[in-house]
Structures are given as C-alpha cells and as structure tokens.
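Look at the model first, then read on.

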Amino acid sequence: MELNATFKMPSTKPLMDVEQIRKNFPILQRKVHNKPLVYFDNAATSQKPKQVIEAIGFYYKNYNANIHRSIHELGEEATEKYEEAHKKTADFINADSYQNIVFTKNTTESLNLLAYSLTAKLKKNDEIVVSQMEHHSNFVPWQQLAKQRGLRLKFIEIDKDGNLDKNSIKKNITKKTKIVSLTHISNVLGTINPVEKIAKIAHENGALMVVDGAQAAPHMPVDVKKLDADFYAFSGHKMLGPTGIGVLYGKKELLEEMQPFLYGGEMIREVRFDDTKFNDLPWKFEAGTMNIAEAIGLSAAIDYLNKIGMDNVQKHDRELVEYAMGQLKGIDGIKIYGPDERDAVISFNLGNIHAHDVAQVLDSEGVAIRAGHHCCMPLMSVLGVAATARASFYLYNTEKEIDVFVNALNKVNRVFA
Amino acid sequence: MDSIEAMYQENILDHYKNPRNAGKIDKASVHHHEYNPLCGDEIEMFLVIKDKKVADVKFHGRGCAISQASASMLTEEIKGKSIEDLKKLTKENILELLGISLSPVRLKCALLSLDTLKNSILIFEKYIKK
Ligand SMILES: Cc1ncc(COP(=O)(O)O)c(C=O)c1O
C-alpha cells in the first residue's frame, strides 16, 4: 500500500516557479477585507501546502494507530511512517541518523528539555552564555534554570547594526562557560549569526553549543555537522509543517549521557519497582503517545522543501528581502532595524506611528504582518523601542506582493499625516 | 469595522495628535501607571480629587492611536465627575466615546486608560483617602 497521497510537485528545480508553488497553498486563494491575502507573517508561522494537509488527513483516514506497541497492520504502518519522519528530518539537517532526532512539540520544548537536562550536571557559578537578540524561548528557560541552580547567565551584546559584537563574544565565552545557546537567525533583525565560528570558540573553551534554528531551518540549508552544533532546535510549523511538532537534534554521545526530561510510557526499556532502564535513542526522550500525525505532516513538509531545494528557497527569500529593503528605503519616516545582509525578516517603525496602527491599516489592505515585541523584550529594550512592525517572507511570496505592501505603507502615512 | 478610515476617523486622530489634558500634576491626590506588556502601550494618570470629585486630571503616555485617543477622551469626560460616577464607567462607555467597534486585540488598547483610572481610584480609596 502506498501511504503517501500523491500530488504533482512543482517540477521546476533548479529554478523556482513561484506561481506554481502558490497553487499548492489553498489559503493563498483567500481574500481578506475583500483584498487578496498578502501573508507576510511567516516568521510567526508559515502556511501549509495541500501536500502536508492531505498527508495528515490520509494518516487519519487510512492508518491511524498508536506506534511502537501495536502488533497489527495499522500500527506497523504508522510506526514505519513515524520512524521515517525521524530519518527524513535527520537527512534534512545532515545528521548521521534518526537516533540524533528527538521529536517535541516545538522549539520551545526542545530548548526547555536542554535547559533542564544540561544544567542538572552544572555546578554553582558555572556560566551559560546567550545573546541579547534571543527569543524568549531561548532565554527564559536558561534564566530560570540559572536562578534555580545558582548558575550565571551572560549576554553577548549586539552592535549598532544588529550583529553580534565580536569583542563581546570573546569577552563572554571563557573557560567558565559550560553552555552557549544562540539563535541561528534572529526573528526580529534577520541577522544570520556566525554559528560555526562561535561553536568553535565554545568548544575551545570546553562549552556545549546549542543552536535555536527556528528561523533558519525553514529558510536555508542547515548542516549540523558543518556547524558542529551539539544541539539544534526547530519547529515544524514555521517550515510548512503542522503545529505541535518540534525537533531537537543532538550529538549521539551527548544525548546518551543526558537524563530524560519527561518520564512515562514508551521511553522505557524495563521498569521494575525499584528502578527503570531507559529506551534507546531517540525514544528515551519521547515519553507517552507522541504527535504521530504531526510527525507525518512534518515529513511531507520536508519532502516538499527538498523537491524545491533549500538552496532555491534561500535564494528566493534573500532576493525578496533585498528587493523589499530597496523599496522600503523610499518610504517617508521608515526606520529599519538590523543589518543589511539578512534573512527574510524586516522589522521597522514608521515615524512615530505605533506598530499596532501600522499593522491595522495594512490589514485593511489584506497585508498580514506582525506588530509587537516578537517575544524579544530584552532586544526591544536594547533597540530602545516598545514595539516594531515586522514583515517576513517565504517561498510563496512575490515582488508583486511587496509592491502591495509598500503601497499600503504609504497609505499608513496618509492616514496619519 | 467596515473601513480603516472609520477606525481612524477625524476625532480619534485629532485626540491622538493633540491629546487633551496631556501632562503631569505635581500635587496630584493620586497618580498611577499602567502598562500593556503585549504592545508596550503606557498610560500614567494624575488625579486631583476634591470633595469626592475630580477637580483636575492629566495623563501622559505612549502607544498606539487607539490607546492614546481613548485616554485623551476619557480625561475630558471625567473632569468634574464624582468618584462614584467613575466607578460605574464600563467598556461600553469607552467604545461610545471612541464611536467605533474594535477587535478583541485592539479592545485592550482602548481599555488601558479605563484600567488606569479604575486602579487609580482603588489606590486612592484604599491607601490615600483619610
Ligand atoms: C528565533 C525563534 N526561536 C524560538 C521560537 C519559538 O518557536 P515555537 O513557538 O515554535 O516554540 C521562535 C518563534 O516564535 C523564533 O522565532
């Protein structure tokens, strides 16, 4: 039995045919306030192609069963697809094996797992280093665990362009550092951090390198071996997959020696009244009945991205952001945050107009952006603003949509003139 | 909301750009600061209360047009009113002042000034009034 619903994939490699891709995303047909939807809130979550939506439906309609414990055909089919999802995810980021891939519910859970498990062995006054541009999910877990366990949390500062300050990297990562946890791409500034270099510095100092890949995995080819990341976390829902599925990559020897984060069924090998032996990797970290449908959805999303090619996705996104930066610079009163060289995220403010008001006027033109602190309140304080507006692009967005966006921004200026 | 022009109608933009009762009062009977962490809207309100009535009020703040216009309108509305009247103010009164309907997210912006006022009165009655 063929378990995957079959669809025509856009057969356009190596060049992307965006019009063809758009046809795979049912939601893009939608109108908002009678205007065509221009979806520029991809950094929050991406839209889903019908290949993903259908793969989830197909599972529920045809082989829904619990995994690992059912000796029957449906259970075996579901188990096979669930395990295959680990394998595909491993290949997607060039990990050695499915054993390096732990499924969670999102990046946040992946990072919490690390914060709890990795800090358990640290000693008082050991240091953890993050940066000023971290998302709350790569910040609050470390901050809280540091408080509970008497550890020190340090921050790499950002320079005026929104890149990590080189001196601050050197100053903060020292022999006292046990963990460095850093975002690969900033969800506010679009900054692409030199993770490979920083991993090297971390390792020279005997520290572990954790990477928050929530914004990178959807937009660029990721090679965990080349980065030499010890751990890499990301979310399915930002890369065309469903909500409720997150990934934690870890080096095998590190995962092996780590204590599980959640205890219960499935993650055990043998339970006696006085002790428990844990299951093999990666199952020892996957307690209870997992998000099976979502893992299958993620698998379909990875298939989709692979067919287009992550190189192409990256090229498209970077071209769009470059085009957008050029167009935006002509708008009266605009202030753009972050470096020129960036991924597909642009945070900005328009004169003194509050980001909420900007978003509201754009919404009336069918343009969906984000306004607020983007779960980066410490970064907002460094930038000296309470909020920014943020537009973020993905593989189905077009230059024409950016033109609609630019016109809508001019309208904001007219309304508040 | 049928059109964006209706939301950002003349009087709202006028109050936003030229807020009434803007400023601080040094010898206020009570002053209180509220903050909406979701969007960073801020309002600080200063009340002078005499004979259980609002003798004077000023506010200062920053945030979106809706939050600041609603604060400006509210301060106009409450001057001279009794504390008991202020306690009766509701969300509907604020929407009436603004003259528009709002989505749940934007409602929070509109109601920040009312929260600030109500909490000012609570503090006044509990800790300041002798
Ligand atoms: C850089 C970054 N890290 C972490 C997260 C958290 O992802 P999730 O909400 O899926 O756990 C996000 C997204 O909101 C993000 O942009």
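## Polar and charged links between the domains

Between domain 1 and domain 2 of chain A, the count of salt bridges is 0. Polar contacts are present: 13 residue pairs, both members at pLDDT 80 or more, link domain 1 of chain A to domain 2 of chain A. The model is predicted.

On the domain 1 side, three elements of chain A each give two or more residues to the face that touches domain 2: α11 (310-328), β14 (345-350) and α13 (377-383). By class, that side of domain 1 has 20 nonpolar, 7 polar and 6 charged residues.

## Extent of the interface

Domain 1 of chain A takes in 18-40 + 309-415, and domain 2 covers 60-306. Their centres, taken over C-alpha atoms, are 28 Å apart. In contact are 33 residues of domain 1 and 31 residues of domain 2.

The two domains of chain A bury about 2500 Å² between them, with 64% coming from carbon and sulfur atoms. Within domain 1, Met310(A), Leu379(A) and Tyr394(A) lose the most area to domain 2. Together these three account for 25% of what the domain 1 side buries.

## Ligand surroundings

Which residues are closest to the ligand? They are Thr108(A), Asp212(A), Gln215(A), Ser235(A) and Lys238(A), out of 13 residues that surround the ligand.

- Asp212(A): 2.5 Å from a ligand nitrogen atom.
- Lys238(A): 2.7 Å from a ligand oxygen atom.
- His135(A): 3.1 Å from a ligand oxygen atom.

Methods
Residues are numbered from 1 along each chain as its sequence is written. Chains are lettered from A and ligands numbered from 1 in the order in which they are written. This is a predicted model: local features need pLDDT of at least 70, side-chain atom pairs count only at pLDDT 80 or more; totals for chains, interfaces and linings use all residues. Side-chain values use heavy atoms; hydrogens and water are left out. Domain bounds come from an automatic or database domain assignment. Contact means heavy atoms within 4.5 Å. Buried area is the accessible area (1.4 Å probe) that two parts lose on being put together, summed over both. A salt bridge is a side-chain nitrogen of Lys or Arg within 4 Å of a carboxyl oxygen of Asp or Glu. A polar contact is a pair of N or O atoms within 3.5 Å; within protein, one must be able to donate a hydrogen and the other to accept it, and residues adjacent in sequence count only if both atoms are side-chain atoms. Helices (H or I, at least four residues) and strands (E, at least two) are DSSP runs, numbered from the N terminus. Ala, Val, Leu, Ile, Met, Phe, Trp, Tyr, Cys and Pro count as nonpolar, Asp, Glu, Lys and Arg as charged, and the others, Gly among them, as polar. A residue is near a molecule or strand if one of its heavy atoms lies within 4 Å of it.
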